[in-house]
Amino acid sequence: MLDRFFAPMCHRMPERTLALEGVLMPVCSRCAGIFAGVAAGAALAWPRLPMTAWRPLLVAISALMVLDVVTQDLGLHPVWHPTRLATGLAFGYALTTAFVTQLARRPA
């Protein structure tokens, strides 16, 4: 059931996907990090920075994630699940926290 839900969102390549007790997760390690970051960002929404502070952070985090993707796809390093998880987590957390922070600042 989870495979059908996540299939349109993630490539789910086996070599890029973590296995739990021998069963592949329904998303790759980077997407797992992004989803975990989104959940954590929505739950914590900290720090509450203005969007002018979030923009350069989001650009930097996105650049790190793209750098990891490009260097991996060019064969400069193998699949490193810790970096895939970390860049996804950072991206998901920052994006969601920035979004939630901006929603909280809007007048009702």
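Trainee: Of the 108 residues of the chain, what percentage count as buried?

Mentor: The model is a predicted one. A residue is called buried when its relative accessible area is under 20%. Of the 108 residues in the chain, the share that counts as buried is 32%.

Trainee: Which pattern does the chain follow when read along the sequence?

Mentor: The secondary structure comes to 4 helices and 2 strands. Read along the sequence, these elements follow the pattern α-β-β-α-α-α.

Trainee: What does the C-alpha trace of the chain span along its principal axes?

Mentor: The accessible surface of the chain comes to about 6,900 Å², and 73% of that surface belongs to carbon and sulfur atoms. For the C-alpha trace, the span along the principal axes is about 45 × 35 × 20 Å.

Trainee: How are H3 and H4 oriented, roughly parallel or roughly antiparallel?

Mentor: Two packed helices are described by the angle between their axes and the distance between the axes. Helix H3, residues 51-73, packs with helix H4, residues 81-105, at an angle of about 160°, and their axes are 10 Å apart. Because an angle over 145 degrees counts as roughly antiparallel, the orientation of H3 to H4 is roughly antiparallel.

Trainee: By class, how many nonpolar, polar and charged residues has the contact of H3 with H4?

Mentor: H3 passes H4 in a left-handed crossing. The residues that meet there include Trp-54, Leu-58 and Met-65 in H3, and Ala-90, Phe-91 and Leu-95 in H4. By class, the contact of H3 with H4 has 11 nonpolar, 8 polar and 2 charged residues.

Trainee: In H2 and H4, what is the angle of packing and how many Å apart are the axes?

Mentor: H2 passes H4 in a right-handed crossing. Among the residues that make the contact are Gly-33, Gly-37 and Gly-41 of H2, together with Gly-88, Gly-92 and Tyr-93 of H4. By class, this contact has 12 nonpolar, 10 polar and 2 charged residues. Helix H2, residues 29-44, packs with H4 at an angle of about 30°, with the axes 6 Å apart.

Trainee: Which residues does Gly-88 touch, not counting residues up to four places away in sequence?

Mentor: Gly-88 lies in helix H4 and counts as buried, at 0% relative accessibility. The C-alpha atoms of Gly-88 and Phe-35 are 53 residues apart along the chain, yet are separated by 7.9 Å. Leaving out residues up to four places away in sequence, those touched by Gly-88 are Arg-30, Gly-33, Ile-34 and Met-65.

Trainee: Is Thr-17 buried or exposed?

Mentor: The place of Thr-17 is in the loop between H1 and E1. Apart from neighbours within four places in sequence, its contacts include Arg-12, Leu-24, Val-27 and His-81. Thr-17 and Val-27 are 10 residues apart in sequence and 6.5 Å apart in space, C-alpha to C-alpha. With a relative accessible area of 6%, under the 20% limit, Thr-17 is buried.

Trainee: Is Arg-4 buried or exposed?

Mentor: Arg-4 lies in helix H1. Its C-alpha atom is separated by 25 Å from that of Gly-41, 37 residues apart along the chain. The relative accessible area of Arg-4 is 75%, so this residue is exposed.

Trainee: Phi of Arg-12 is near what value?

Mentor: Most residues other than glycine have a negative phi, and most peptide bonds are trans. Arg-12 is placed in the loop between helix H1 and strand E1, and at 28% relative accessibility it counts as partly exposed. Its phi is a positive value in a residue other than glycine, near 55°.

Trainee: Where is the place of Glu-21, and phi of this residue is near what value?

Mentor: Glu-21 is exposed, having a relative accessible area of 85%. Its place is in the loop between E1 and strand E2. Glu-21 is a residue other than glycine with a positive phi, near 50°.

Trainee: Which peptide bond is cis, with omega near 5°?

Mentor: Pro-47 has its place in the loop between H2 and H3. The bond that is cis, with omega near 5°, runs from Trp-46 to Pro-47.

Trainee: Among contacts between residues at least 6 apart in sequence, what percentage join residues at least 24 apart?

Mentor: Contact here means heavy atoms within 4.5 Å. Among the chain's contacts between residues at least 6 apart in sequence, the share joining residues at least 24 apart is 66%.

Technical notes. Residues are numbered from 1 along each chain as its sequence is written. This is a predicted model: local features need pLDDT of at least 70, side-chain atom pairs count only at pLDDT 80 or more; totals for chains, interfaces and linings use all residues. Side-chain values use heavy atoms; hydrogens and water are left out. Axes are lines fitted to C-alpha atoms, for helices over the stretch in contact, and angles run from 0 to 180 degrees between N-to-C directions. Angles under 35 degrees count as roughly parallel, over 145 as roughly antiparallel, 65 to 115 as roughly perpendicular and the rest as oblique. A crossing is left-handed if the near helix is turned anticlockwise from the far one by less than a right angle, and right-handed if clockwise. Ala, Val, Leu, Ile, Met, Phe, Trp, Tyr, Cys and Pro count as nonpolar, Asp, Glu, Lys and Arg as charged, and the others, Gly among them, as polar. Buried means under 20% relative accessible area, exposed over 50%, partly exposed in between (1.4 Å probe, protein chains only). Accessible areas come from the Shrake-Rupley method with a 1.4 Å probe; for residues, only the protein chains shown count as cover.
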